[in-house]
Amino acid sequence: METPGSQSSLHRANLERVVRAVRLAGSLTQAEIARTTGLSAATVSNIVRELKDGGTVEVTPTSAGGRRARSVSLSGDAGIVIGVDFGHTHLRVAVGNLAHQVLAEESEPLDVDASAEQGFDRAEELVNRLIQATGVDRSKVAGVGLGVPGPIDVESGTLGSTAILPGWSGTRPAEELHRRLGVPAYVDNDANLGALGELVWGSGRGVKDLAYIKVASGVGAGLVIDGKIYRGPGGTAGEIGHITLDESGPVCRCGNRGCLETFTAAGYVLPLLQPGHGPDLTMEGVVRLAREGDPGCRRVIADVGRHIGSGVANLCNLLNPSRVVLGGDLAEAGELVLGPIRESVGRYAIPSAARHCSVLPGALGGRAEVLGALALALSEMGDSTLLDGTLSPNPPAFT
Ligand SMILES: [Zn+2]
């Protein structure tokens with residue numbers, strides 16, 4: 001038995017701090033590990049050597065600020081994680097290793113809203129096929145992260161809204177995948193996973209406070225505060241789609257009038273353009289036509305940007321994020337939408353909040369959520385199995 005505060009338990013705690021820092025970031029130089037963990041350079045150096053000898057981490061030469069440095073990442077064969085993203089119309093699965101390399105990824109069309117059972121069947125099938133394709137042993141799976149397009153009640157793990165995914169009402173998605181795959185499973189909504197994906201792999205790298213805005217059939221924000229996703233007890237933090245912009249505006253599905261969503265979501269925006277552009281117009285089509293110079297589509301995209309910008313200005317005043325990342329199809333419109341967003345932020349946010357906030361397009365496109373699901377699995381998995389050698393081919397003798 002270890003006594004708390006003893007030399008060996010302190011050592012173990014330091015090992016865990018280093019492994020955790022590297023696991024969350026993918027790879028870090030030894031100086032960055034020291035900064036992240038608060039450990040001294042000498043301690044980090046000793047711990048990295050020990051972890052390397054045990055096969056838990058890999059060390060590769062790199063350069064940082066023009067100087068030679070050593071980049072530390074978890075060993076590529078230490079284990080794998082799986083990301084599963086259920087969109088409204090697709091299923092996407094990725095398999096990655098603990099060094100943050102994506103080993104396999106595939107997406108297929110799926111009417112997710114129709115039936116949860118069918119969704120889980122297809123997900124199970126695709127996960128098994130991709131694990132097989134990577135040639136990695138199943139026992140190496142450390143966890144699966146799962147994204148669904150609706151709010152998740154944090155305590156019960158159930159989907160919090162029956163209006164958004166009627167075929168999923170009452171299901172516990174993480175429990176279901178855990179039962180089917182036999183590995184720990186973690187679930188979150190799509191906006192939070194988009195935020196995590198961009199934070200770890202995309203436009204949010206290097207910042208600790210970020211808002212990821214996703215405009216699709218609704219409008220949501222994933223909020224990262226001090227490096228962590230902020231969910232709130234009901235999992236509904238970031239519902240900026242229901243900020244009131246016009247008290248006498250259109251009635252929203254939430255029952256209020258003039259919500260941000262009623263000025264920006266596809267269901268409200270497309271009818272404005274369909275008389276001139278045909279009934280089959282999609283948001284993707286509007287973005288494409290706007291880029292090709294269609295004046296009506298440009299105007300509508302700019303208006304959507306201005307309205308999103310009002311919501312983002314509120315977010316800036318409340319949370320003072322250093323970065324706002326726009327995801328989803330709309331991000332493809334580039335400056336046509338980002339310019340008006342920035343303009344509104346400049347107009348409506350208090351100047352110091354606006355000054356510290358940069359608005360960028362997502363770097364990951366439609367992959368943000370599935371990579372966020374990988375990041376979720378990476379952040380939730382513990383390190384004890386890793387350090388005890390259960391997942392490591394060469395068990396390090398740490399006690
Ligand atoms: Zn509303």
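**Figure 1. Strand 4 and strand 7 of the predicted model.** Strand 4 pairs with strand 7 (residues 141-148) in the parallel sense, over 6 bridges. The structure shown is a predicted model. Within this pairing, V84 is placed opposite L146 of strand 7.

**Figure 2. Strand 4 and strand 5, joined by a hairpin.** Strand 5 covers residues 90-97 and runs antiparallel to strand 4, with 7 bridges between the two. The hairpin that links strand 4 to strand 5 passes through 3 residues. One of the paired positions is I80, whose bridge partner in strand 5 is N97.

**Figure 3. The two faces of strand 4.** Strand 4 spans residues 80-86 and is mostly covered, with 7 of its 7 residues buried. In a regular strand, side chains alternate between the two faces of the sheet. On one side of strand 4 are I80, I82, V84 and F86, and on the other are V81, G83 and D85. Both faces are covered, and the residues named on each side are all buried.

Figure 4. V370 belongs to helix 13, which runs over residues 368-380. Is V370 buried or exposed? V370 counts as buried because 33 other C-beta atoms lie within 10 Å, and the cut-off for a buried residue is 20 or more. Leaving aside residues up to four places away in sequence, V370 touches G83, D85, R92, V93, A94 and E105. Two of these contacts, G83 and D85, are also on one side of strand 4. Y268 is 102 residues from V370 along the chain, and the C-alpha atoms of the two are separated by 27 Å.

**Figure 5. The three domains of the chain.** The domain assignment divides the chain into domain 1 (7-74), domain 2 (80-195 + 369-386) and domain 3 (204-363). Between domain 1 and domain 2, the C-alpha centres lie 29 Å apart.

**Figure 6. The side of domain 1 that touches domain 2.** Here 9 residues of domain 1 are in contact with 7 residues of domain 2. Two elements, helix 1 (7-25) and strand 3 (67-74), each give two or more residues to this side of domain 1. Helix 1 supplies the largest share, 5 residues. Sorted by class, the side of domain 1 that touches domain 2 holds 3 nonpolar, 3 polar and 3 charged residues.

Methods:
Residues are numbered from 1 along each chain as its sequence is written. This is a predicted model: local features need pLDDT of at least 70, side-chain atom pairs count only at pLDDT 80 or more; totals for chains, interfaces and linings use all residues. Domain bounds come from an automatic or database domain assignment. Two residues are in contact if their C-beta atoms, placed from the backbone, lie within 7 Å. Helices (H or I, at least four residues) and strands (E, at least two) are DSSP runs, numbered from the N terminus. Ala, Val, Leu, Ile, Met, Phe, Trp, Tyr, Cys and Pro count as nonpolar, Asp, Glu, Lys and Arg as charged, and the others, Gly among them, as polar. A residue is buried if 20 or more other C-beta atoms lie within 10 Å of its own, exposed if 12 or fewer, and partly exposed in between; C-beta atoms are placed from the backbone. Two strands pair if DSSP finds at least two bridges between them.
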